[in-house]
Amino acid sequence: MKYDPEHYDYWPYQNRPKIVWPGGKKVAFWVAPNIEFYELNPPANPQRKSWPRPYPDITPYSYRDHGNRVGHWRLMEMMDEFGVRGSISLSVAMCQHHPEIIEACAARKWEFFSHGIYNTRYIYGMDHAQEQAILTDSIKTVETATGQRIRGYLAPALTHTEHTIDLLAENDFWYSCDLFQDDQPQPLKTKSGKKLVSMPYSLEVNDHYAFNVYGQSARQYADLLKRQFDTLLEEGAESGTVMCIPLHAYLIGRAHRMGPFREVLDYITGHKDDVWVTTAIEIADYYLNNCYDDALKSIEAAQREAS
Amino acid sequence: MTLPEDYLKYPHRSHGMDHDLYPWSNLFNRPTVRWPGDKSVALWITVALEYFPLTPNDGPFRAPGHMVTPYPDYRTYTTRDYGNRVGVFRIMKVLDALGLKASTPMSAKIAERYPALLKAVQDRDWEVIGHGVDMNHIHYGGMDAAQEAQQIEDALVMLEKHTGSKPVGWFSPARSESENTLELLAEHGIDYACDWVNDDMPYDMTTSAGTITAMPHTMELDDRQLMVTLGQNEETYQEQILAAFDLLRSEGKSHGGRILHLSLTPYVIGQPFRIWALRKVLETIMASNDVWSATPSEILKVWRGK
């Protein structure tokens, strides 16, 4: 085991090369609906239990199924209204289970990235070949269903191995949403030397944390998202920032939460001169082509200064 | 490390669900339903009347709300009892003032132990929903099927004896089922069950003993979930119920009738400092004149005729 993840060097949030997003925008804004399938009776992983109660643990299972039957359709319609395309964190088995949802998203030109096969199949304990098989399956499954080559990853249920980040680079992924150390994208160190970007995703503004960890109401969540945006906008004048809203339709898509969330999309997309309403793959593409090399130099300089 | 080969096999990876209980369905693509008087929202109120014995009988887990401290846990026992002695009557007063009828998931032991409470329920014509013998009698995966059948039988027989009729609805204690529960309930003549939380409208589930309809009994907007588990205040509680009502009402106009379910726990919402929130919610939504107040059996009768 390693003392630190060894995927990036310390790089303080000051005096970094200035990022200017396309069109002179200050904040790159993306929305990440997690479209997930949870199995009622998954095989056991030695390091993490899927459900707290013995099989069949119907309450948490059906609680999540609500998103695919009800919440997704509400959220998608609302995002349409504000011209926001989703970057979907996808349990790729959804392509088999509910192709109706995949087709509706593909028709809207939403981006898909891999969130594993099922959100009940954890990566803990996998060997290199097994984890590679998850990535191969993900790439092939989404390509077959939508024609899109996925370039992003968020590990299923945030379960990783020491190989995860290196495997992403080896498989020509462009970005990972797995690391939460920053509000700006940045290069990650990879064994292969291939470029890989750490994409800001944020657990703190994830609807799961807001509602079920911190116990916030729909109104409190809407207010905190607006404050999150205000700060990132202010800082974005100095150097472009990224704001992601990670969502789950089974949470945000409930009847009592859609109204307050609508105000958030209205507020953020209303800042037309300052906000780049985009997808994760577009942010990664722009960053790789316009910011990556400068960032690398700045990080190297910071390391030299420190030593 | 390596995981067993099976960990990367996906036997249920095909269209629809990973079980046979119901087919997948998009709420917004279903036949629409029209409530009586063309109201947009059916208001379904449940008041949980649960008996938590001082002696928790531990299976794999305790029902939420059950005893917490070492025996004798007087603080929890009496707090639950407060709901059945005081809180529920406060709720009744609010509902009576607005002429609203409720239904009650009822531990059979409540009917047996508290005839005065049962009479108050029956005087108001509330629908009684089977809710187990008491909160010690939970269903869970791996339990003996004969024992489970007996628990269901005992609860239904006891309720029938004291109320005069056998319930047609069921809500499992602790919202927990075994792999046999739905089939056993269907065998016992249960028409609808309130356990699954994956929809905003009823839908049919298939068991080898016949169809059983899932009623959308809320967990998200349950008073206990919001104010006890998540620690929200009553201001926030009522704000969220009203927000749900607004959205359901608007979908009711565009997509056919919707259901707003209020899940009430007497020892929670029935506290003196909280009861105003219930009154405010109900007064506000009834003032819309767009609400049909109904029991689950009344709702299902109309829903099935859609």
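Buried residues account for 61% of the 307 residues in chain A. The model is a predicted one. Chain A holds eleven helices and nine strands. Its C-alpha trace spans about 55 × 45 × 35 Å along the principal axes. For 307 residues, a compact globule would have a radius of gyration near 19 Å, and chain A agrees because its value is 19 Å. Take the contacts between residues at least 6 apart in sequence: 74% of them join residues at least 24 apart.

Now turn to the interface. The size of an interface is often given as the accessible area lost when the parts come together. Chain B and chain A bury about 4,800 Å² between them. Carbon and sulfur atoms carry 57% of that area. Three residues stand out on the side of chain B: Tyr7(B), Arg13(B) and Trp24(B). They supply 17% of the area that chain B buries against chain A, more than any other three residues. In residue terms, the contact takes 57 residues from chain B and 62 residues from chain A.

Polar links cross this interface too. Between chain B and chain A, 36 residue pairs are in polar contact, with both residues at pLDDT 80 or more. On the side of chain B that touches chain A, helix 7 (residues 234-255) of chain B gives the most, with eight residues. By class, that side of chain B has 27 nonpolar, 16 polar and 14 charged residues. Six salt bridges are found across the interface of chain B and chain A. In a salt bridge between Arg257(A) and Glu220(B), the side chains meet at 2.7 Å, N to O.

Asp290(B) lies in the loop between helix 9 (275-287) and strand 9 (291-293) of chain B. Is Asp290(B) buried or exposed? Its relative accessibility is 7%, so Asp290(B) counts as buried; the cut-off for buried is under 20%. Which polar partners does the side chain of Asp290(B) have? One is the side chain of Ser40(B), at 2.7 Å. Another is the side chain of Lys253(B), at 3.0 Å. Beyond its neighbours within four places in sequence, Asp290(B) is in contact with Asp38(B), Lys39(B), Ser40(B), Val41(B), Arg249(B) and Lys253(B).

Ser172(B) is also a loop residue. It sits between strand 4 (169-170) and helix 5 (181-187) of chain B. Ser172(B) counts as buried because its relative accessibility is 0%. Its side chain makes a polar contact of 2.7 Å with the side chain of Asp195(B). Asp195(B) is also among the contacts of Ser172(B) once neighbours within four places in sequence are left aside.

Ala120(B) belongs to helix 3 (residues 115-123) of chain B. At 8% relative accessibility, Ala120(B) is under the 20% cut-off, and therefore counts as buried. What does Ala120(B) contact, leaving aside its neighbours within four places in sequence? The residues are Phe89(B) and Met92(B). Met92(B) is 28 residues from Ala120(B) along the chain. Their C-alpha atoms are separated by 8.8 Å.

Conventions:
Residues numbered from 1 in each chain as written. Chains lettered and ligands numbered in written order. Predicted model: local features only at pLDDT ≥ 70, side-chain atom pairs only at ≥ 80, totals over all residues. Heavy atoms only, no water. Contact = heavy atoms within 4.5 Å. Buried area = accessible area lost by both parts, 1.4 Å probe. Salt bridge = Lys/Arg side-chain N within 4 Å of Asp/Glu carboxyl O. Polar contact = N/O pair within 3.5 Å; in protein donor to acceptor, adjacent residues only side chain to side chain. Helix = DSSP H or I, 4+ residues; strand = E, 2+ residues; numbered from the N terminus. Nonpolar A, V, L, I, M, F, W, Y, C, P; charged D, E, K, R; others polar. Buried < 20%, exposed > 50% of the residue type's maximum accessible area, 1.4 Å probe, protein only. Rg over C-alpha atoms; globule rule 2.2 N^0.38 Å.
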